[in-house]
Amino acid sequence: MQNLTVAILAGGKSSRMGRNKALLPLESKTIIEHLITNFQPIASELFIVANTSEYDFLGLPVYNDRYPAQGPLAGIETALRVATNEKVFITACDLPLLPAGIPGHLAVNTGDFDVTVLAFKGKIEPLIGIYRKSIYPVVDQHLALKKNKIIEFYPQVKVKVINFEDLPANLQKEEYLLNVNTPADYEKLLKIFISKE
Ligand SMILES: Nc1nc2c(ncn2[C@@H]2O[C@H](COP(=O)(O)OP(=O)(O)OP(=O)(O)O)[C@@H](O)[C@H]2O)c(=O)[nH]1
Ligand SMILES: [Mg+2]
C-alpha cells in the first residue's frame, strides 16, 4: 500500500508473560517477526518503537520513547513524531495473527478522520488503528500532562470506529485478534499453529 507507515509498539514490560512476549518463538521465528511478515506487504515504512537493543537483530529502525514509562501512548507519540507518512498504522507486538487485510481495510476507509480504529464487540482496540501524523500535538500534550490513557484524547480529534463485525466476511475470524499477553494466551497460539500443520 502506498504511503502507509506501520509502527509496531514493543516498549512494554511484558509483565503478565514474565518474559518478552515479542521474542517468543513461533515455528522457526519470533512473534514479532510474524507481525513483520504480515504487515510488510502494506507498509511503505515499517519500524519498531521500543527502548532496548533487543530488536536490533531485525535490521529495522527502532525508535525510543521520549516519555519513558508512560505506556503505549508514549509509543504513539514516537511513531507519529518520526513517521514519514501522514497515515500511520499503530499496532502492538502481541497480535501475531492479525492479517494485513484488517489495517488495509482501515487505511482505505479513513476519509478525513484523524483516527480510524477497530472495535470488537463494542470495545475499541486502540492498538489496531490508523492515526494521522497531524494529531501529534494532541498526543504530545496529553503525555506532558501525564494523561496516558490512549482513548482519553479521542474526543479532541475526529475518530471513526469500524466494528470488527462489519468487516468483509473473510476478515471476521475472532482468532485474528488473539492478543498474546499471558502464558495461557501463548499456549493457545501454539495450539492454533499446531492444528494448522
Ligand atoms: N513504546 C512503548 N510501547 C509500549 C509501552 N507500554 C506498552 N507498550 C506496548 O503496547 C502494547 C500493548 O501493551 P500490553 O499488551 O499491556 O503489553 P505490556 O505492557 O508489555 O504487557 P504487561 O506488562 O503484561 O501489561 C505492547 O505492544 C507493548 O509492548 C511503552 O511504554 N512504550
Ligand atoms: Mg501494559
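The structure discussed here is a predicted model. Ligand 1 has 21 residues around it, of which G11, G12, S15, R16 and G75 come nearest.

Sorted by class, this shell holds nine nonpolar, eight polar and four charged residues. Helix 2, spanning residues 72-82, supplies three residues, the largest share of the shell.

## Annotated positions

An unreviewed UniProt entry carries the annotation "binding site" for L9, A10, G11, K21, D65 and D94. Two of the annotated positions, L9 and D65, are described below.

## L9

L9 belongs to strand 1, which covers residues 4-9. The residue counts as buried because 24 other C-beta atoms lie within 10 Å, and the threshold for burial is 20 or more.

Leaving aside residues up to four places away in sequence, L9 touches V49, P72, G75, I90, T91, A92, C93 and L127.

## D65

D65 is placed in the loop between strand 5 (62-63) and helix 2. With 21 C-beta neighbours inside 10 Å, D65 is likewise buried.

Under the exclusion of residues up to four places away in sequence, D65 touches G11, V49, N51, A74, G75 and T78.

How values were computed:
Residues numbered from 1 in each chain as written. Chains lettered and ligands numbered in written order. Predicted model: local features only at pLDDT ≥ 70, side-chain atom pairs only at ≥ 80, totals over all residues. Near = placed C-beta within 6 Å. Helix = DSSP H or I, 4+ residues; strand = E, 2+ residues; numbered from the N terminus. Nonpolar A, V, L, I, M, F, W, Y, C, P; charged D, E, K, R; others polar. UniProt positions renumbered as here; feature names shortened; annotations may be inferred. Buried ≥ 20, exposed ≤ 12 C-beta atoms within 10 Å, placed from the backbone. Contact = placed C-beta atoms within 7 Å.
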